[in-house]
Amino acid sequence: MDFYTTRLLTDAPEDITVAATLLREGELVAIPTETVYGLAADALNGPAVARIFQAKGRPMDNPLIVHVADWDEVAPLTAEIPENARKLAQAYWPGPLTMILKKSARIPDEVSAGLSTVAVRMPSHPVARAIIKASGCPLAAPSANRSGIPSPTTAAHVLADMDGRIAAVVDGGECRVGVESTVVDVSQPVPRLLRPGGITPEMLEEVVGLIEIDPAVTHALDEGAVAASPGMKYKHYAPKATILLIKGTSEGYVAYVNAHRGDGVGALCFEEQAAGLQVPAVPYGRQDDPASQAHGVFDALRRLDELGIQTAYAACPAEDGMGLAVYNRLLRAAAFQVVTLNE
Ligand code: TXA
Ligand code: MG
């Protein structure tokens with residue numbers, strides 16, 4: 001792998017021009033989006049896309065999302081655009097929604113990992129949109145973290161993982177949503193939710209009627225099972241600390257954690273719970289505010305490691321609405337270790 005002096009760029013117009021030029025030359029640039037930072041390359045340049053996998057240490061069979069700035073860019077990337085895709089785009093693009101569509105021959109194998117489909121998203125972040133437009137190419141971009149660990153929601157997170165491995169990072173501040181986009185497969189008659197995110201199941205159903213929720217959203221895949229979304233079979237979002245997800249009331253959670261206090265033990269809790277805890281506490285959002293939890297969860301997972309916490313008990317978010325996206329990430333961070341309190 002090449003070694004880079006990674007440039008830290010701002011979101012000023014002249015720096016956006018620098019980022020776009022690097023991308024056109026086949027280099028990797030981390031860019032802000034409204035969900036998490038993405039590690040971008042020209043999606044139509046196979047060798048450039050292959051470098052993303054090297055920089056992240058990502059398995060080559062896990063396909064990437066292609067980011068566009070305008071609706072007209074979608075048709076050349078896809079074999080067909082079903083009615084459900086049009087309706088969802090109308091309702092939620094630009095925004096935190098990725099659609100799986102049948103791909104066209106223009107999509108390099110590096111992007112789609114040999115599948116017959118391609119994931120497409122139109123981000124709403126003004127800096128992401130400006131960079132896509134200035135580069136003149138669709139951008140393949142996974143989350144800009146080293147494979148397996150929490151996604152980056154600040155430029156500092158990106159540098160912690162990628163300094164020396166990529167040409168540049170564009171600092172656009174903290175990501176608003178904080179968890180990755182909703183992924184929905186619209187290449188089949190009944191849309192199927194593969195990854196929950198900022199666009200909730202309820203919001204999808206408002207537009208396309210009933211959807212299916214892939215079992216892997218809330219359950220570990222059986223050994224040897226084929227994943228509808230290859231990313232779901234990998235260890236994900238995991239800090240060095242061991243996470244246990246605690247299901248129960250708020251009072252039950254606080255009592256359980258305090259009863260288990262000891263060396264290296266910490267809490268990944270809601271803000272309201274921190275004062276009552278007798279172990280180092282890292283709040284990840286407010287109790288009845290899943291959007292605040294989504295915004296804070298990846299930074300909080302990284303902070304557990306900074307504090308040297310070895311075992312963290314995590315307060316369980318709601319399992320519907322925006323909560324489902326947070327629950328899905330914490331389940332994986334916890335490697336599906338859940339404690340249900342007997343209260
Ligand atoms: O919010 C986001 O989606 C961020 C920002 C940068 O846009 N990107 C992101 O990319 O989260 P990544 O690569 O970390 O996650 C993409 C997910 C993976 O689980 C992958 O397996 C799935 O989308 N995916 C990509 N192409 C697919 C396809 N053709 N069929 C099924 N799943 C696909
Ligand atoms: Mg990722």
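Analyst: Across the interface of domain 1 and domain 2, the rule finds 2 salt bridges, a salt bridge being a side-chain nitrogen of Lys or Arg within 4 Å of a carboxyl oxygen of Asp or Glu. Glu-180 forms a salt bridge with Arg-329, with 2.8 Å between the closest N and O atoms.

This is a predicted model, in which local features need pLDDT of at least 70 and side-chain atom pairs count only at pLDDT 80 or more, while totals for chains, interfaces and linings use all residues. Residues are numbered from 1 along each chain as its sequence is written, chains are lettered from A and ligands numbered from 1 in the order in which they are written, and side-chain values use heavy atoms, with hydrogens and water left out.

The domain bounds, which come from an automatic or database domain assignment, are 7–217 for domain 1 and 242–340 for domain 2. Their C-alpha centres lie 28 Å apart. Where the two meet, 28 residues of domain 1 are in contact (heavy atoms within 4.5 Å) with 16 residues of domain 2. The area buried between them is about 1600 Å², and carbon and sulfur atoms give 55% of this; buried area is the accessible area (1.4 Å probe) that two parts lose on being put together, summed over both.
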